[in-house]
Amino acid sequence: MAQRQVKKRKEKTFYDYSLLAVIIFLCVFGLIMIYSSSSYAAELKVGNSMYYFTRQGAILAASFVAMIIVSKMDYHFYAKFAGLAWVLALVMMVLTNFTPLGQEFNGQKRWLGVTETFSFQPAEFVKIAVILTLATLINRIGRGIDTWRGIALALILSVPPFLLVAMNNLSSGIIIAGIAFLMCFIGSKKKGIYIFGVAAVLAAAYLFVEYGEKLVELKILEGYQLERIEVWKNPEAYPDTGGWQVLQGLYAIGSGGLFGRGLGESIQKLGFVPEAQNDMVFSIICEELGLFGAVCVILLFLFMIWRFMIIANNAPDLLGALIVVGIMAHIAIQVILNIAVVTNSIPNTGITLPFISYGGTSVGFLMMEMGMALGVSNRITLER
């Protein structure tokens, strides 16, 4: 008995300070870029060049505290409420899409609340709910995920949130689908059905690009989505409408050169790139810090992904590993989509760059996810 107590005392748990450091660095860098990219527009709109910076800073400070608290919690505790979170996520999306509580800004109904000030994007909560529910499911049924019953259960948990989110926010819908796909792929031994799924998605993407008009007639594709595809194919043909943002972003990237114009010296943020602090902030990074700065940002995200892989591989159980895999999938897909949109590699999806773009809801829930990943790392026991 005494020997067992001594052994218990000697056990030392791990806490991924490397991941914590990169999170802090990206958040601070994001604040700097938000101020740099938004100060001109904020001065014109509200008469305060620090407006976006101070709002994001306040939310980040509160979110950081919440992240630390979550990181000290046992992830098995909040995983017990995965089912409740899933139901709550669906209720939020139904309220957003089908009731007056859904707030519409810039032609898109993505916010839930009573005013623009008191509203948030429930799609960000849906991502966490899907991660927790799928992690719980796969942990419970184990290799049962390879059976048709297991696949059906995974689809039941993934498809309704995806459809409700994709109605008004296709980019977040794609991320949710990607999270579900990668988590099931990692949890499964049989990879054939997932390879077939990737082929089906690529075929659907081809149909959207080549036969978009007919799909709009069949009400499979929305008119604004077809417009984004047309702009992507030929942005020069729409210089005053949809192509404006794409072209200005490409001008910003091209003018940055190897080391950029210098921090704060962007020309395109002076009313040329719309909402430069949001989806297009990566183009301002390229303009001000050049190719060198852009590559450094990408390397930081790659380092973050690597730390997630380390935590997932050493997690004390399958549940913890899958939670981290879901978080890793979220960050990786969102970064890839944002950079691909800014460089016009894919049609505009309206997705933010994690930790760097302006957006209270996005950064708040992202920090909660980081707390969950750090919490899993904190349960890893180090051997002496």
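How many aromatic pairs does the structure hold? I found 11 aromatic pairs, where rings of Phe, Tyr and Trp (its six-membered ring) pair if their centres lie within 6.5 Å.

For the angle classes, planes under 30 degrees apart are stacked, over 60 edge-to-face, and the rest tilted. Tyr52 is buried at a relative accessible area of 10%, whereas Tyr51 is partly exposed at 28%. Here buried is under 20% relative accessible area, exposed over 50%, and partly exposed in between, with a 1.4 Å probe and protein chains only. I also noted that Tyr51, Tyr52 and Tyr358 form one aromatic cluster.

Next I turned to Phe185 and Tyr194, an edge-to-face pair with 5.9 Å from centre to centre and 90° between the planes. Tyr194 is buried, with 10% relative accessibility, and Phe185 is partly exposed at 26%.

Which charged end sits over the ring of Phe185? I found that of Lys191 there, 4.4 Å from the ring centre. The test is NZ of Lys or CZ of Arg within 6 Å of the ring centre and within 35 degrees of the ring normal. Arg307 lies over the face of Trp306, 4.8 Å from the ring centre.

A note on provenance: this is a predicted model, with local features needing pLDDT of at least 70 and side-chain atom pairs counting only at pLDDT 80 or more, while totals for chains, interfaces and linings use all residues. Residues are numbered from 1 along each chain as its sequence is written, and side-chain values use heavy atoms, leaving out hydrogens and water.
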